[in-house]
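Reader: I would like to learn how to read a few features of a protein model. Please take them one at a time, with the general idea before the case.

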Amino acid sequence: MLDIVIVNGQVVTPQGAGAWELGIQGERIAAVGLPGSLPRDGARLIDAAGLVVSPGGIDPHTHLAHAIMSHPDQPSVTLGPEDDTRGMAYGGTTTHLDFVYVRPGVDSIQGAIEQRAARWKGNSHVDYAYHVTLCGSLDLKVFEQIPEAIRAGYPSFKVFTTNVLPPHPGRQGNRLDFGRIGFAMEKVAPAGGLMVVHGEDEDLVQFNYERFRHEGRMDGANLHLVHSKLSELLAFRRTVALARAMDAAVYFVHTSAKEGVDTIVEARADGLPVYGETLHQYACFNAEHYRTPRGFCSHTYPSLKFPEDQAALWHGLVRDGLATLATDEYPTSLELKLRGRTIEDVTGGNVGAEARLGIAYSEGVVKRGMTLERFAEITATNAARIFGLYPRKGAIAAGSDADLVFIDPSVRSTLTRDDFHVTDYSPWEGWTVSGWPVTTILRGKVIVERGRLLGSTSDGRQLTRAIDPVVLRRPAC
Ligand SMILES: [Zn+2]
């Protein structure tokens, strides 16, 4: 017997979008059928007339309960899962991937994972998993634990090719040197894992900070010239060359420049397992936006770029080349977000998870002719495939978790503060949308229904992952 039957919706399945009915039994999708074909006796009927029913969103890149490094004299942390995942629930995201940092001094990857998991347990409205971040001048002994971490369900390893933040004031760095990145690839690739790379050229970025200070060009509106297009080009190309030598699969986070997209497209054309992510604010804004009163709300490292880069990102999202749309979620108060104004003290990070699916639908499907199938891919399916959650997550198919978002295409609205449920601002206030998520279902439980929160922080569950070998061998999505 089915618990829920969803009728009259336009349902986005891996085989295409159509007028299917969905049957849910317990936490899973039990059947996808023709209209009128599923047994209704005893089931709750949910009418999705006029709505698009898409797989629950997967945000592959978030930093919740994360130390804020922008103002080392005023230490603080980003909002935790108990706050931010409320926005995810409202915005149709049912799974997020956060990070476990392994820094010098941490001698057990598993221990670091357990510590992070304890922070999430009972505190997340939606399901979650973790990437492992390797940073700093890590003891080589730590790398020996990589195969064991992959076997335990943590097959993605994040590295930074740059310290990201400026040399003044001094901070703990995130960068892993290229020797160690290669060493990580050596361990990760044969064990069935994937590298997640923040690619910027360290020499160039740090030199640019020094040069801009020397020239007195301290205005934060110059960030796109410090975290430059050339820097992305150099780091992406160097990383692809290294990955090719090590037979490693690579996922580039927050691709911001045409040069980054071109590098990914070229590597994929060569048959390499290389994948690209971008962020919705990189696609929707360019560096001119920094000069507006709240422009730094949309800053995330590397930086907003130029109109030609936005065009390349949209092309990558709508057609091919980029695999995912993420947030680099980094929720803070508006005051903290706008505290700095110079290239040395602007606060990076973004609060965007609640808006992610709505913006992708409105800007992608409505404005740029993105197909519904492609919308599902960039917001959910591809992240599930690349990070080893597919087909349990990211697909509307029999046997998959019943994670669903209903999008109402008839919504026409200019977003205001009241449309959001996390912190005291959204960078998307004032943005006009066509279409918005209205109902979210997590593993068969309706957690948001027509704007009412029905779920709680005890709903989210930790996920372990295993990546399909095909994803690691060639461009698989
Ligand atoms: Zn990030």
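Reader: How many cavities of 30 Å³ or more does the structure hold?

Author: Rolling a probe the size of a water molecule over the atoms shows where empty space is left. This is a predicted model, and the structure holds 3 cavities of 30 Å³ or more.

Reader: What volume does the largest cavity have, and which residues lie nearest its centre?

Author: The volume of the largest cavity is about 280 Å³. Its lining is made of 21 residues, with H66, F160, V164, Y301 and Y330 nearest the centre. Sorted by class, that lining has 11 polar, 8 nonpolar and 2 charged residues.

Reader: Which residues line the second largest cavity?

Author: V351, G352, E354, A355, F420, H421, V422, T423, Y425 and S426 line the second largest cavity. Its volume is about 50 Å³. The lining of the second largest cavity divides into 5 nonpolar, 4 polar and 1 charged.

Reader: Now the pockets. How much space lies in the largest pocket, and which element gives the largest share of its lining?

Author: A pocket is an open set of points, whereas in a cavity the probe cannot get out. The largest pocket contains about 310 Å³ of space. It is lined by 13 residues, and A65, V100, Y101, Q115 and R116 are the ones nearest its centre. Both β11 (93-102) and α2 (109-120) supply at least two residues of this lining, and the largest share, 4 residues, comes from α2. The classes are 8 nonpolar, 2 polar and 3 charged residues.

Reader: What lines the second largest pocket?

Author: The second largest pocket has a lining of 14 residues, of which D419, H421, W436, P437 and G451 lie nearest the centre. About 190 Å³ of space lies in this pocket. At least two lining residues come from each of β18 (404-414) and β19 (432-442), and β19 gives the most, with 4 residues. By class, the lining of the second largest pocket has 8 nonpolar, 3 polar and 3 charged residues.

Reader: Are H63 and D328 buried or exposed?

Author: H63 is buried, with a relative accessible area of 5%. D328 is buried too, at 7%.

Reader: Last, a helix. What span should α8 have, and what is the distance between its end C-alpha atoms?

Author: At 1.5 Å a residue, the 18 residues of α8 (residues 229-246) should span 26 Å, and the end C-alpha atoms are 26 Å apart, which agrees.

Reader: Where do the buried residues of α8 fall when seen down its axis?

Author: An α-helix has 3.6 residues a turn, so residues three or four places apart point the same way. In α8 the buried residues are K229, S231, E232, A235, F236, T239, V240, L242 and A243. Down the axis of α8 they fall within an arc of 165 degrees, so they line one face of the helix. Just after α8, D247 takes a positive phi of about 60 degrees.

Technical notes
Residues numbered from 1 in each chain as written. Predicted model: local features only at pLDDT ≥ 70, side-chain atom pairs only at ≥ 80, totals over all residues. Heavy atoms only, no water. Buried < 20%, exposed > 50% of the residue type's maximum accessible area, 1.4 Å probe, protein only. Expected span 1.5 Å × (residues − 1). Arc of directions from axis to C-beta. 1 Å grid on protein atoms, 1.4 Å probe; cavity = no way out; pocket = protein on both sides within 12 Å on 5 of 7 lines; lining within 4 Å. Points joined across faces, edges and corners; volume = space filled by probe spheres on them. Nonpolar A, V, L, I, M, F, W, Y, C, P; charged D, E, K, R; others polar.
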